[in-house]
Every structure is written in structure tokens, then in C-alpha cells.
Amino acid sequence: MISTNHEPINPPDQAPGQAVYHIERLTKIYGRGRALQTAKPANQDINLDIRPGEIFGLLGSNGAGKSTLIRQMVNLVAPTSGKILLMGQDIARYPGAVTRYVAYMPQKPHALLDLTAEEAIYYTGHMRGLSRPAAQQEARRLVEEWGLEDVRKKAVRHLSGGQHRLVSLAATLTGNLPVLILDEPTNELDPAFRKQVWEQIVQVNQKRGTTIILVTHNVQEAERVIQRVAVMSQARIVGLGRVSELKAQMEQEVSLELFLRPDVAAAAEMALEDMPGARRLQPYQWSVSVERTGGEEAIHRILSLVKLERLEDFRVHTASLEDVYMRLTGHAISHEESEDKSLNVKR
Amino acid sequence: MQAITETELVDDQLRADPANLSHARAFWDLLLIQLANWRWSWPATLINGLLVPLTALFFLRAAAGDNLASAEFLVSGNIIISLIFTTMYGTSARFSFMRTFGVLDYYATLPVSKIWLVLAVNTGFLILTLPSSLLTIVIAQLFGLHFQVNFFFLLIVPLASFSLSAVGAFVGVAAPNFDTANTITGILQFLFMGCGPILIPADRLPDFLNVIGHLLPSTYAADAMRHALTGSFDTAFLLDMAFLVVFDFLAMFFVARRMEWRRG
């Protein structure tokens, strides 16, 4: 039933090799009139190409501008300046390009709560332009693929947060649009569901050649899936490239990750605070970057300073995407924070 | 030419194409989605639907007494409020909810028109209020009032309610929050009802209110509906219909051009 062609599927009007998204000097400042002169930009001078068939990650902390960028890409927010081409079409002039090519799942999907899980998927497909039998077939297939058989006849509003998110993801996939934009797809999911979501994302990308754009805080898990990444900080893109390329910039380093015992953390933190290359990741969790050459001695010295008895655990690893993120932005990505809580409130 | 295999054909059919989405199909889907919540809340809807005609009955006895003309005006005014203003209020609340919780984002990223969404929400509320209005008419008949449900009545109902629903939708989308939308719609409802012969006959209203009333769609909607209910299809009725058509086209234009659901 499903094509197993691994090549990216070009929509009929996309030239070969053309970027799926071409973003040029994009700036967004919320507000009007005088407010434009004084307000801080939500996006500033963003230049970005997203290639056909890739899984692209957008990383950044709260307020970095990820969601604003995503919402501009799906035409929910108008840019202050700059332009976005989707399959070569300027979406400001041809907004229909977005509805034709892009399936978008927002961070907090609240639509179709009164429908059953299967109906929510069916109606999304049908309104995207699938025929009635095709929309029904897709709804049945996605319900099975996402393990939603037990809740297919339950109203979406009565599902758990995780089940609700799976239904939203399944609905986003219906219609097989060539571009998927998923804003925090693994929020509210337990580890088993998260694993399922990452597997499905890879499967859709490989089987259909779908271009997938992900916004996520879950850098550790996403790292296994994302092929290229843009790191955003303070409204700008501060790092862009293949995950392996970005990590290669730190290949001369290893990271020592320390998990402090809460009862004696204060003393350990005093030692860590002035240490070069040390960063606090989360409460009681620190990371120290160490030059690979002579690293054994450095690690020994750090452990002596912090004291082993103050640690619950420690591990040494080569640079991860999270380390790259920290290097580029100067701070750790927060796992609890939720991007742009006031998205639907006019600014 | 390369033959199309069965797999390719099926795969191709499972790829959505907005060109396949007709206006009628989009409207029907949107309407069914609007009606979906009734499945879970029909007992409350039923009770609410019965309360309105019973309240109308109470007012009929208490306020009009033996004066049939007053009773007719009161009952028809009640039906008009139910069908037009309740629908405007409901549409405003629904759009405000959709704006606040990001539901509009979902529709904005689908190939559906905002006019169809407004029409679907409007129709959903009309379907909700129509049974109680029909029951009110039946009860009124029992009290000797001569109302009728005819083709024109059923034609006027959507025609009359759409322009005000469009106003409600605009308020719901433009207001910064749910409470503000409710307040603005409440004020508009009060103004529309007060500035024109909706519940009070024109000859009992101050002249300036009658003048203002001529500019409002609610005046023509109420007058047309009153004509339809009493079966008097004269020139005034045709003029009311013509004005309502004009107002509806203006409302559609307004929604299409000024209601910004897609671009924040």
C-alpha cells in the first residue's frame, strides 16, 4: 500500500534540488506603529533552507523564537520583513501553498476535542482533500499504526494527554502531505510513547520521503533522528548544520556529567561554579567540558575537587547535540519550559 | 507511457489534494464537526430547548394578557431573539474560544475558507435553536395566535442570522479574550435590540431609534421574520429580503477581507 521509495517525493510543482523552504532575511517584531520601534524582535534576520526529504530540528530555549518562526512558516503569523518560499512559492502571495503542502501540529492541539479519535483523523484527511473512502482507509490505518484501537470511539477530550497527542500526530500524518511540521511532538508522552513517536517519524521520512521539521526540547532523544539542525538563541539562528558537523566542532572535547547528591550539593557547586567549562544543566546536574588530550588527568582533578562522596553518579561522554547547543547558546536547554505560552494572545 | 501500477494508484489516492475539496464538502464537514459536541451533551441541550418555549409561554400570559397584537409581537420577538441574537452570541463565543485555544490555527492550516467556517458555526447554532423556536410557535398556536411555518420562514432564518453571526465571529476573533468578546457581543446585542422594532413596535419607539434601526440588519431580519410568521408577503417583505441579501454579501466580504484568523 505504501510506496517504499526512499527518495524524497517531489510535489508536482517542485523543481528537483529546490529547497522545500527557503527563508530569507526573515524578521518578526510583534506590535504595530510605535511599538515596532521599541519592541524586541521575536525573529531577526533568519536565513534558512530546508531540503527535501530531511528531518530538520529546530532547537532553542523559551523565547528563542522557534515557535514564531514555525508559525510564520505555516502562515499563522505575518513577517515584519523578509520572505518565505515554500516549494518556490512566496507564501505571503500564495497562502494556498501552505495548506497544499504542509501538515502542522501545534504544541497544544485543542481542535476536534468533541470528535472521536478516528473521526478526528478522518475529518482532517477529508478536509485536506482526500476522498471519503481514502480518508476512512487512512483513519483506520493510522489508528492501528499508532496503537489507538482501544480509544478509536472515545471522544478526544476524554483521552489522556499522551493519547491525545498521538491522535493529533496521527491526524497530522493523514493525507501524506510532503512536509510535516511538528512542534514538540513528544510533550506529555511517557518513554514508551516517545520511542513510538520517534520510530514513526523516521519511518514516515524513510518510506515516503516526507520532509519533517521538528521543534523539540528533547535534544537527547531527537539527536538520533534529526539529520540537520538549527540552534536558535535570542531570536537568531546561532548554529546550523548536520548534527555530525556541529558535533565535530567539539570532537577535541569530552564531557564529564556530574549528578550531585542534593544534601551536599552546595559544597560541590561552589567548586564547580568557578571551574572553566563547567555548566549547570539542571538542579544538581552539571556538565564540564574537558580537552580530550590529557583528559584523564583533568577528569581526575575535577573529581578530586568535587569529591566523589558528593556525587550520586557521573559519566564521561563525547560531545552530544546538547553540548553543542550549550556551546552555541551559553546555557542548557530546559526540559520543563514550554515555548511561548501566550501564542494565542495578541501582542 | 508508463503503466500505473495498483500500488501507485492507491498511494496516489492517499495523497491529499485540496483541489478535491469542494465548498459544499468543506461546509458539510465543518458543520458536522460543530454538531459533534451534541452527542455528549444532548440531555442539557434538550432541557435548554424546552425551557425557552415554556418561558415564552409564561411571558405570553403575563405580559400580553388578552391583547393578541401585543402577544404576537412579543412571541415573534422572542423567536427572533432566539434565532438571530442567540446565534450571534453563540458564534462570537465559539470563535473567541477557538481563537483563545488555538483551534483557529488548525482550521487556518487546512484548505477551508473562513466564510464556510462562519456559516458552519452559524448553522450549528441555528439547528440548536430552531426546535425550541418551532415549539414556541406551536404553543402560540394553542393560545390562538396565528403563526405559520412556511418555506419563507425557513429561508429567512439563515439569511437573517448570517450577517449578525458574521459580526459575532469578527468580535470573537478580534477580542483579546473570552470575557471581552462576551461583553462586546452583549453590548451589540443590546444595541441591535434597542435600536429598532425588535421587541417593541416601531410606533412606540422614539424617531431617532427608528432612523438608526433602518441602518441595522437586525431590523430587516426581525421584520422579514415577522412577515413570514404571519404569512404577509407584501412589498415590505420583499424589501426586507433584498436588504438582508445585501447585508449578507457585505458580511461575507467583511469576513473574507477583514477577519484575520490566519495572519497574527
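## Calling contacts in a two-chain model

Trainee: The side chain of A:Ser61 meets the side chain of A:Tyr325 at 2.5 Å. What makes this a polar contact?

Mentor: This is a predicted model. The cut-off for a pair of N or O atoms is 3.5 Å. The A:Ser61 and A:Tyr325 side chains come to 2.5 Å, so the pair is within the limit and is called a polar contact.

Trainee: Where does A:Ser61 sit?

Mentor: In chain A, in the loop that links strand S3 (55-60) to helix H2 (66-73).

Trainee: Why is A:Ser61 called buried?

Mentor: Its relative accessible area is 9%. Buried means under 20%. A:Ser61 therefore counts as buried.

Trainee: Now the interface. Why is the pair B:Asp105 and A:Arg71 called a salt bridge?

Mentor: The N to O distance is 2.8 Å. The rule asks for a side-chain nitrogen of Lys or Arg within 4 Å of a carboxyl oxygen of Asp or Glu.

Trainee: How many salt bridges does the rule find between chain B and chain A?

Mentor: Two. Nine residue pairs across the interface are in polar contact, with both residues at pLDDT 80 or more.

Trainee: Which helices of chain B each supply at least two residues to the side that touches chain A?

Mentor: H1 (6-13), H2 (23-35), H3 (38-64), H4 (68-100) and H5 (103-108). By class, that side of chain B has 18 nonpolar, eight polar and 11 charged residues.

Trainee: How much area do chain B and chain A bury between them?

Mentor: About 3,900 Å², with 56% of it on carbon and sulfur atoms. The contact takes 37 residues from chain B and 45 residues from chain A.

Terms used. Residues numbered from 1 in each chain as written. Chains lettered and ligands numbered in written order. Predicted model: local features only at pLDDT ≥ 70, side-chain atom pairs only at ≥ 80, totals over all residues. Heavy atoms only, no water. Contact = heavy atoms within 4.5 Å. Buried area = accessible area lost by both parts, 1.4 Å probe. Polar contact = N/O pair within 3.5 Å; in protein donor to acceptor, adjacent residues only side chain to side chain. Helix = DSSP H or I, 4+ residues; strand = E, 2+ residues; numbered from the N terminus. Nonpolar A, V, L, I, M, F, W, Y, C, P; charged D, E, K, R; others polar. Buried < 20%, exposed > 50% of the residue type's maximum accessible area, 1.4 Å probe, protein only.
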